[in-house]
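The following exercises ask the reader to work from the sequence and the structure together. Each task is followed by a worked solution.

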Amino acid sequence: MTLPDSDGLLAEQLLRLTRRVHRIQKRHLEQRGMAITPAQSRALRALAPYAAPPRMADLAERLEVVPRAVTTLVDGLEASGRVRRVPDPDNRRVTRIELTDEGRTALRELRAARRAAAEEILEPLSHEQREILGGLLNTLIDGSPPGSPGPV
């Protein structure tokens with residue numbers, strides 16, 4: 001049996017946890033001397049899986065934002081030396097976005113800060129509790145209970 005406000009309480013707990021994760025991650029980034037916005041961080045992470053530099057439109061689609069927003073993000077990342085615009089080899093009207101060596105270094109720092117933040121937050125949990133939490137989070141992320149065919 002659930003309490004009438006249990007969903008509201010859970011939602012609030014999830015939001016508070018998310019804010020805490022962001023604060024701790026920000027602190028770890030500042031300790032590493034990294035000046036980067038959350039949106040720029042997300043853009044760098046979105047660029048990482050591409051085998052070849054994506055078009056601006058591809059990056060906008062992956063980030064689920066309008067292309068105009070990607071232009072602003074790329075401007076900031078380019079100014080910091082983390083990405084560069086390169087011409088498309090097959091269509092000179094198309095611009096692609098390429099990670100620089102500094103961008104790859106920033107990604108490593110971002111990943112390290114995220115791991116450190118996660119470790120700090122998960123520290124009170126036992127290994128078994130972490131496994132249970134991981135399963136629960138996967139269920140919430142996927143939107144379907146374990147063993148079900150998944151979202152349609």
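**Exercises on a predicted model**

Apart from neighbours within four places in sequence, Ser 41 is in contact with Gln 25, Ile 36 and Leu 110. The structure in which these contacts are found is a predicted model.

**Exercise 1.** Determine where Ser 41 lies and whether Ser 41 counts as buried or exposed.

*Solution.*
Step 1. Ser 41 belongs to helix α2, which covers residues 38–47.
Step 2. The relative accessibility of Ser 41 is 3%.
Step 3. Buried means under 20% relative accessible area. Ser 41 therefore counts as buried.

**Exercise 2.** Describe the surroundings of Leu 44, leaving aside neighbours within four places in sequence.

*Solution.*
Step 1. Leu 44 is placed in helix α2.
Step 2. Because its relative accessibility is 0%, Leu 44 counts as buried.
Step 3. The contacts of Leu 44 beyond those neighbours include Ile 36, Leu 77, Val 83, Leu 99 and Leu 110. Arg 82 and Gly 103 are also among them.
Step 4. Arg 16 is 28 residues from Leu 44 along the chain, and their C-alpha atoms are separated by 25 Å.

**Exercise 3.** Identify the residues that form the nonpolar patch on the surface, and state which helix gives the most to it.

*Solution.*
Step 1. The patch is formed by Leu 14, Leu 137, Leu 140 and Ile 141, which together have about 420 Å² of accessible area.
Step 2. Helix α6, residues 127–142, gives the most, with 3 residues.
Step 3. Leu 137 lies in helix α6. Its relative accessibility is 37%, so Leu 137 counts as partly exposed.

Note on methods: Residues are numbered from 1 along each chain as its sequence is written. This is a predicted model: local features need pLDDT of at least 70, side-chain atom pairs count only at pLDDT 80 or more; totals for chains, interfaces and linings use all residues. Side-chain values use heavy atoms; hydrogens and water are left out. Patches are made of residues with over 30% relative accessible area and no salt bridge: like charges are joined within 9 Å, nonpolar side chains (Val, Leu, Ile, Met, Phe, Trp, Tyr) within 5 Å. Accessible areas come from the Shrake-Rupley method with a 1.4 Å probe; for residues, only the protein chains shown count as cover. A salt bridge is a side-chain nitrogen of Lys or Arg within 4 Å of a carboxyl oxygen of Asp or Glu. Helices (H or I, at least four residues) and strands (E, at least two) are DSSP runs, numbered from the N terminus. Buried means under 20% relative accessible area, exposed over 50%, partly exposed in between (1.4 Å probe, protein chains only). Contact means heavy atoms within 4.5 Å.
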